[in-house]
Amino acid sequence: MAIQWGNTSNDFRLGIDQVGTTLIVYGESVGYGHDWSATLTRSGSWSGSTAVSFYYGSGATVRKELYRQAVTSSGTYTASMSYWGGSSSVSRAVTLGSAPPAPTNLVGTRVNDT
């Protein structure tokens, strides 16, 4: 799936990507000279906070993975962060499918010796 991006504030934004049942939170800077530490806060279907840091001293867009977590239930997952120049947040609705049932009545048949 594609990264779902939140608001941009002072040349920085947060995004959430879903890879299978794992959610990955990214920070992306499009400005110059970001060098800070902040707290990433999770709410909604996940909760908690994680200390993160971001350094960016070049003139190109820089993306960094800030957090990842496997999720076990459908719901809305939100990540937010306040930092030296503002704040950014992003939410993603996740619908997980159910696992297929285990096969039953399996039979093995020998075809040949090899």
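Threonine 22 lies in strand E3, which covers residues 22–29; strands (E, at least two residues) and helices (H or I, at least four) are DSSP runs, numbered from the N terminus. The model is a predicted one, in which local features need pLDDT of at least 70 and side-chain atom pairs count only at pLDDT 80 or more, while totals for chains, interfaces and linings use all residues. Residues are numbered from 1 along each chain as its sequence is written, and side-chain values use heavy atoms, with hydrogens and water left out.

Leaving aside residues up to four places away in sequence, threonine 22 touches Asp17, Arg68, Gln69 and Ala70, where contact means heavy atoms within 4.5 Å. Between threonine 22 and arginine 68 the C-alpha to C-alpha distance is 6.8 Å, although 46 residues separate them in sequence. Across the chain, 54% of the contacts with a separation of 6 or more join residues 24 or more positions apart.

The chain has eight strands and zero helices. Its radius of gyration is 20 Å, well over the 13 Å that the globule rule gives for 114 residues, so the chain is more spread out than a compact globule; the radius is taken over C-alpha atoms, and the rule is 2.2 Å times the number of residues to the power 0.38. The C-alpha trace spans about 70 × 35 × 20 Å along its principal axes.

Of the 114 residues, 32% count as buried, that is, under 20% relative accessible area (1.4 Å probe, protein chains only). The chain exposes about 6800 Å², of which carbon and sulfur atoms supply 49%, by the Shrake-Rupley method with a 1.4 Å probe.

Terms used: Buried < 20%, exposed > 50% of the residue type's maximum accessible area, 1.4 Å probe, protein only.
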